[in-house]
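Hi,

Here is the structure I said I'd pass on.

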Amino acid sequence: MEKHHKFSVWYVLLGVWAVLILHNLLFSMFAIETIAYSEFLDLVRKGKIAEVAITQNQIQGKTASAQDSEGTLFRTVRVDPEISELLAKNNITFKGEIESTFFRDLLSWVVPIFLFVGLWFFIMRRMMGQQPGFMSLGKNKAKIYVQEDLDVTFDDVAGVDESKHEMMEVIEFLKNPQKFTRIGGMIPRGILLVGPPGTGKTMLAKAAAGESGVPFFSLSGSEFVEMFVGLGAARVRDLFNQAKQKAPCIIFIDELDALGKARGFGNMGGHDEREQTLNQLLVEMDGFDPQIGVILMAATNRPEILDPALLRPGRFDRQILVDRPDKKGREAILKVHLKKIQYDGSVDVEKVAAMTPGMVGADLANLVNEAALLAVRRDKEKATMAEFEEAVERLVAGLEKKNRLINPREKKIVAHHEMGHALVSFFLPGTDPVQKITIIPRGIAALGYTMQVPTEDRFLMKKTELLNRIATLLGGRAAEAIVFEDISTGAHNDLSKATDIARSMVREYGMSEKVGQVYFSPKNPSPFLNMPGMGGATEYSESTAEIIDAEIREILAAQYKTAFDILSSKKSLLEKCAGILLEKETLDGQELRKIIEAS
Ligand code: ADP
Ligand code: ZN
């Protein structure tokens, strides 16, 4: 927009200037001498005028030719005869003058044109939401978005080793697509990088391009949407066309959720433009030949709101988690960024990493920068530990306000809670082994989590297994009750899952003796179907409902007691493990096993 805007103004200015020049030129070309009216009258009296032409205001003419010269052209402006008579009588030189209306005329049409043009641009701008010019309607300016010869490498992205590892295959492919397809390897097409903001998703995608030496096209999901209807789709088409010409290459779409929100999600009637753009994206994804080596990557921190169509096989069917770094990861990230500043030996990187739980790569980059700035402000040659400590304090205060970090007391509770889940699961036979326990906050809901992976895929679950699972879920709260003699709200997600299992046991699996071998359909399919006289009313009587409720409660209470008993008999182990978790933030199953076996 900016560019075209200036152009038009220049055109108008150029026009005005040309008219002025022409005007002057015309007059100077026919160099007509302007003489005073009194002089003209004088010449008339002396008989020196050969011919005149009279208009309303002016008299033009030619003086009579003398022997040595031709007559000259002249011009004079008429003056009111009465006044001229009076003036002539008194021998005063006088001349008439025509007010120049040139500029006034010019203004009278130039100003409105300027206003009009200005207004037009203003409106256009508004309508297009600052987007590039209407001249290039739909013509993707992908040239701006393509970056070649990126010098970002995997060494610049630290603390996300697992994600990097998963990316390796993509790089292999991009380096030599032909070789890959010849062997018949599964060709990756769409990769979704999932993780909180600032964890390095964009960097990872760039590093993949840098490492494999291919061009990198990037665009943000929100950029697609703020445009005229139809433009977003055109842009997608163009982006893919350009990318295909540069293949092998990587297309990176940041904030995919802005574009790929589930259709009809959150806004009634839908957003036509977004939907069209999304459809176009799906068409393009399905349409291109994976053999040519265009890899599509996208980043989001809200995969759950994405349109399921985007996640189907052949589209973004591979997901790579880019999680918040643990202490070791933070240390690695700090080291990457420390290379860019001057610091002295007092800076203990491990200690700084320990002080920054919950921070992501972007926060840590910020932290190092802040410490360097503090050192400059203090006229120091190099940043010292003191600057780092102060920078941490400042940053933590800011992040805590935004609710992105948890305070030490909460962290302690979370560590015991998670360890509660892990230990109950460890000591109950027939539960899935614990794979990973972490107290690094992730997502919005969970403050920490304990990941259990089933040893085998299963379709059948025994009653004891279900009961153990409930006990494990309730272990978090039991641990809090034992260690802190108080409970927190942190367990509400656990409670809801445990209750769901218990309810299914009673109502669907016939696992309650009092209720018996019956199946009640899970929930009313539609809230409207449950209205009186509309059929589909409750399948059971009030008294059955009471028994069901009592049974569910009974199961939950018994399993809570199981968890509570296990944990209170192992209170010291619980506290020890929680202490270690607090320090390391993440423990995997093997580490936990070792700690338990050692004590
Ligand atoms: P995201 O795309 O996940 O929101 P970015 O990749 O844009 O995050 O990261 C923003 C900045 O934070 C980067 O430019 C980099 O300086 C820093 N950063 C983030 N993650 C890392 C990391 N894992 N290692 C090093 N620096 C990182
Ligand atoms: Zn829990």
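Let me start with a pair of helices: α18 and α19 cross in a left-handed way. Keep in mind throughout that this is a predicted model.

In that pair, helix α18 covers residues 463–484 and helix α19 covers residues 492–507, and they pack at about 160° with 9 Å between their axes. By class the contact comes out as 10 nonpolar and 5 charged residues, with no polar ones.

α18 also packs against α17, here at an angle of about 130° and with the axes 7 Å apart. That makes the two oblique, and the crossing of α17 and α18 is right-handed. From α17 the contact takes in K412, I413, H416, H417, G420, H421, V424 and S425, while α18 supplies A471, T472, L473, G475, G476, R477, A479, E480, V483 and F484.

Which residues coordinate the zinc ion (ligand 2)? They are H417 and H421, each through NE2, plus D494, which is listed with two OD donors, at 2.0 to 2.8 Å. Along the chain the donors follow the spacing H-x3-H-x72-D. H417 and H421 both sit in helix α17 (residues 408–427), 4 residues apart, or about one turn of the helix. The angles subtended by the 4 donor atoms run from 51 to 142°, so the arrangement around the zinc ion (ligand 2) is irregular.

One more pair, elsewhere in the chain: helix α6 (residues 161–175) and helix α8 (residues 201–212) have axes that come within 9 Å and cross at roughly 40°. They are therefore oblique to each other, and α6 passes α8 in a right-handed crossing. S163, K164, M167, I171, L174 and K175 of α6 make this contact with L204, A205, A208, E211 and S212 of α8. For α6 with α8 the classes are 6 nonpolar, 2 polar and 3 charged residues.

That's what I have for now.

Cheers

Note on methods
Residues are numbered from 1 along each chain as its sequence is written. Chains are lettered from A and ligands numbered from 1 in the order in which they are written. This is a predicted model: local features need pLDDT of at least 70, side-chain atom pairs count only at pLDDT 80 or more; totals for chains, interfaces and linings use all residues. Side-chain values use heavy atoms; hydrogens and water are left out. Axes are lines fitted to C-alpha atoms, for helices over the stretch in contact, and angles run from 0 to 180 degrees between N-to-C directions. Angles under 35 degrees count as roughly parallel, over 145 as roughly antiparallel, 65 to 115 as roughly perpendicular and the rest as oblique. A crossing is left-handed if the near helix is turned anticlockwise from the far one by less than a right angle, and right-handed if clockwise. Contact means heavy atoms within 4.5 Å. Ala, Val, Leu, Ile, Met, Phe, Trp, Tyr, Cys and Pro count as nonpolar, Asp, Glu, Lys and Arg as charged, and the others, Gly among them, as polar. Donors are N, O and S atoms within 2.8 Å of the metal (3.2 Å for Na, K and Ca); water is not among the atoms, so sites may look incomplete. Four donors count as tetrahedral if all angles lie between 85 and 135 degrees; four count as square planar and six as octahedral if opposite donors are over 155 degrees apart and all others between 65 and 115; anything else is irregular.
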